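Reader: Hi! Could you walk me through this one?
Author: Happy to. Here it is.

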Amino acid sequence: MFGYVVRRLLQLIPTFFGATLLAFLVIQLAPGDFVTRLELDPTQDRESIANLRQQLGLDQPLPVQYAKWLSGILQGYLGLSLSYKTDVWNVIGQRILNSMVLVVLATLMIYLVAIPVGVYSAIRKYTWPDRTFTVLAFLGLAIPNFFFGLIMLFLAVWLSDLTDMRILPIGGMTNEFLHLGNMTRAAQILFPPALLGTLVFAGLFWWRVQRKQAATFGIWVGLVLFGMSALLMLWPLLQGPGLPERLPYTESPLWARITNVLWHAFPVVIVVGTSGLAGLMRVMRGQMLDVLSQDYIRTARAKGLSERVVIYKHALRNAVIPFIAGIGGLLPGLIGGAGLVEVTMAWPGITPALLEAISAIDVYVIMGLITITTVLLMIGNVVSDLLLAWVDPRIRYS
Amino acid sequence: MKKLLALGMLALAGLALAQPKVFKGTEPGRAGGAYRVTAISDPRTWNPFVARETSSTDIIGLFLPTLSGYSPYTQAPEGNLARSWEVRNNGLTVIFRLREGARWSDGQAIDADDVIFSATVHADQRVNSNSRSQFILDGQPIVWTKVDQFTVRADFPKPYAPALIQGWYIVPEHIFGPAYRAGVQQLQALWNLDTPPAQVVSGGPFKLDSYVKGERVVLVRNPTYWGVDDRNSPVAYLERYTVQIVPDLNAQLARFLAGEADTFSAANADQVAQVLERIRGNRLRAEIFPNVDVTLGTNFIVFNWNSKDPFKENLFRQVKFRRAMAHLMDKKSMIEVALGGLGQPQWSPISIPNKAFFTDDVAKFEFNPQRALQLLAELGFRTKNRDGWLVNAQGKVLEFNLVTNQGNNVRERIAQIFRDEARKVGVKVEYRPIDFNELVRQLTTPAADGTREFDAILIGLTGGIEPAFSRNVWELNGTLHAWNLGTGGKNPAKVESFEVLIDTLMKRGATTLDQAQRRQIYVQFQKVVAENLPLIYTVAPAYNPARLTRLGGMFPKEQINSITGQAPYIETIFAKE
């Protein structure tokens, strides 16, 4: 096993060089460079354009440019952005983090909803609820994300017209000013039900533990959701009354900033998560149906096991194996951003920055992102394979 | 004692602002309030020597001063940091007097050292500032020298008409000087986006307050600014200026419709309709001015006079051919279809909003396919072949390729309309959108023998107020002499007489100082271009500004123009509520 891991890691090195060289060539072989845009500006003369090209090193032969970039990479330096004149990491770092907010929340939502719904659909196939989920899944898969994003924006404007309150945000990730007063009052109203919910689910949890039963999935979800909300509301309850009604975002306390970002993320996560959710739900349903028709399930039922145990212990555990293998694949997705939704809903993620870099041919920003994604993709693949071997005793590497 | 106190107060007041600039607003304003706009992309830097795009310079212009600019009311030169000037030596020398008492936000005086230092750095070839071309006239440098602490002098190698427009940004020498002396790289690393905003010193109406990447730039009023209004109260009136970064135009519209942005420029008739509907439904207190002006940018078709194919080269050099092509442009449909009904036809090179130089009294080859056919017949294309294309006596088909840059919907539609009309009369136009960079390469990079590979390109250039700044397009050896390009900075090999005339007019226009004479020259220039059509102009998109009614100090409808915008100065905009 150890030998296998070492071999896999060694294989990453040539893959890395091959992938980055290919990416570099593809970017450079496209017509034009960072300076081309300026050639159509009547106020620029030949000399300053040639000068600029020389200064940015764009006049050097491609192998030299690649070698220079590579020597930087090996020292952990991603290069200098041509348009920002600063480290590439300064350009993309914060944006990757912003995108991660969306991707992590969307992934959580996808897994938390898709697996139970998929299982439910499989157990009750061709019933009304199953058909409803199927139709919804196809809708979710069919609607393009960026378009759904625009619909969400107009829904937000429409809702604020209807109620005269800003219920959903109109794009963006933060507000310029945070209404701490409103947040505190909302927390005062919402805290009691959240606390009550937490207590109810904690009680259920305790009750099942007393009867030597594992807590169900629903209890876990309820406990976490209500518990987290109640916890988050503790701060405005304690600090809120002493704070001014309104503060600029940068001067607000952390809890207010988190709440504000979560509020902005809510519609975006729904948009981002929909297609993934729909797809995963269908896959889960198919997997589950597959497993349920296996002989060992019939055996389990014949032994007289309860249906619960058959489904959750025998069937589900085998049906989720492909998803566990897919966890490694999530790694590059984490920094890859949420796609065009970020542009339509003005989320300051990595996609708008990447699109700008591509249209300006800011070579090193593009290369920086490709490098990070490539490395994570490679590591993710190794992790997936190892995880698979760990959960599935039928697979052994040597 | 009282007298001493009064004297002291006077001295202090004098120290604070000896010679402020008086900003004349459209109505009396009051201090306070916030102004929120949207921008399509993030700034790239706060460093004016590095900045190359409007997303950066639009913000830099709020906190760094320039010597002079255009008056928003008359378009004549108007002093900013320069209090006054004196032209000497038949226009070869200009002496600029600075405002004594002007200060940077860190308390240091803004004086001649800052101006001379900034000029030196902008002109430095190693720095490659975007403003560098403003320091070179026909290959010779414009020399800036300090006369005394508040006087600078510019010496021009020849008389230069735009000499009074000095719109490059002035930086604090005490911050940039040490970095510059340490090396160009150190200079370029200054004031990048990760510099704490408090370290970015202001000499303009606003001061950087905070920047959240991908979200917003917030500026606050600079209390040490050297401007006052006509009642001697300090400006800017606004306490806060926020630029929200919204990369999508529809999302920008949504912000404006929700009242979260104060101004908006509708891009098409559909957006105008959405704003109007909301105003009429009483859900937005705003005004919109559809088609109040057209934008400065131009769209034109240029034919390649340096074609490899001698038949095409000869054809494209015929003025009758170009006029025939102009007669095939259905500008009415272009406005209807490509611009959504909002825009104006353009006939000559100076943009319509540029009132100081624009003339409408030029030759107009209006849409007239019959006349086009007649002109083509005069060139020998009298019959049509079996496929319906026009051919000459030798059986050669009248055909050419037309390209424009992919993704520009307006240009793509204009090109399609032109192609359809041309094909109707038998001119075989093959239209294809291509990548922008590839298009620029074809246009600006001749092969070793001086030929270029395209037939016709539909493209646009960003316009400006000053015609002399477009000399690279019109002078014979210009880099953007797009129809007939020379190699290696030389004149083209074969030149028509009207091109020489344009070249002469451009050179005279740039060196004539008398405004009335200049207008004469540029009027003649427009006539020559419209007559000979080296570039065949199409249509200009409309300027459709909108704003919330909470803003004061804005232009009334008649005064709005796409050059200045919706208000004369940012300094005199204020919030009414």
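Author: One term before we start: two strands pair if DSSP finds at least two bridges between them. In chain B of this predicted model, strand 18 (residues 298-303) and strand 24 (residues 456-461) pair in the antiparallel sense over 6 bridges.

Reader: Nice. What stands opposite B:Phe303 in strand 24 of chain B?
Author: That is B:Ala456.

Reader: And which order do the strands of that open sheet of 5 have?
Author: The order is 23-22-24-18-25 in chain B, and the pairing is mixed. Strand 23 (428-434) and strand 25 (535-537) of chain B are the edge strands, each pairing on one side only. On average, neighbouring strands in this sheet are turned by 30 degrees against each other, ignoring direction.

Reader: There's an open sheet of 4 strands in chain B too; what is its order?
Author: There the order is 5-6-10-9, with antiparallel pairing. Strand 5 (82-88) and strand 9 (143-148) of chain B each have a single partner strand, so one side of each is left without a neighbour in the sheet.

Reader: How many bridges join strands 5 and 6 of chain B?
Author: They pair over 6 bridges, in the antiparallel sense, with strand 6 of chain B covering residues 93-98. B:Ser84 stands opposite B:Arg97 of strand 6 in that chain.

Reader: Which strands does helix 3 of chain B lie across?
Author: Helix 3 (residues 112-123) of chain B lies across strand 6, strand 9 and strand 10 (151-155) of chain B. Its direction is at about 170 degrees to strand 9 of chain B.

Reader: Let's zoom out. How many helices and strands does chain B have?
Author: Chain B has 16 helices and 28 strands. Of its 577 residues, 50% count as buried. Among its contacts with a separation of 6 or more, 69% come from residues 24 or more positions apart.

Reader: What is its radius of gyration, and why does that fit a compact globule?
Author: Chain B has 26 Å, which agrees with a compact globule because one of 577 residues would have a radius of gyration near 25 Å. Along the principal axes, the C-alpha atoms of chain B fill a box of roughly 105 × 60 × 45 Å.

Reader: And chain A, what are its helix and strand counts?
Author: Chain A has 15 helices and 2 strands. Buried residues make up 31% of its 398 residues, and its C-alpha atoms fill a box of roughly 85 × 65 × 40 Å along the principal axes.

Reader: How many residues of each chain are in contact with the other chain?
Author: 47 residues of chain B are in contact with 43 residues of chain A. Elements that each supply at least two residues to the chain B side include helix 5 (184-189), strand 11 (206-212), strand 12 (216-221) and helix 6 (249-257) of chain B. By class, that side of chain B has 16 nonpolar, 18 polar and 13 charged residues.

Reader: Last thing, confidence. What is the mean pLDDT of chain B?
Author: The mean pLDDT of chain B is 92, and 97% of its residues reach 70 or more. Over residues 6-16 of chain B, though, the pLDDT is below 50, and this stretch has 2 contacts in the model beyond near neighbours in sequence. Where pLDDT is low, the predicted coordinates should not be read in detail.

Reader: What are the ipTM and pTM scores?
Author: The model scores ipTM 0.82 and pTM 0.86.

Definitions and conventions. Residues numbered from 1 in each chain as written. Chains lettered and ligands numbered in written order. Predicted model: local features only at pLDDT ≥ 70, side-chain atom pairs only at ≥ 80, totals over all residues. Rg over C-alpha atoms; globule rule 2.2 N^0.38 Å. Buried ≥ 20, exposed ≤ 12 C-beta atoms within 10 Å, placed from the backbone. Contact = placed C-beta atoms within 7 Å. Nonpolar A, V, L, I, M, F, W, Y, C, P; charged D, E, K, R; others polar. Axes fitted to C-alpha atoms, helices over the stretch in contact; angles between N-to-C directions. pLDDT = per-residue confidence, 0-100.
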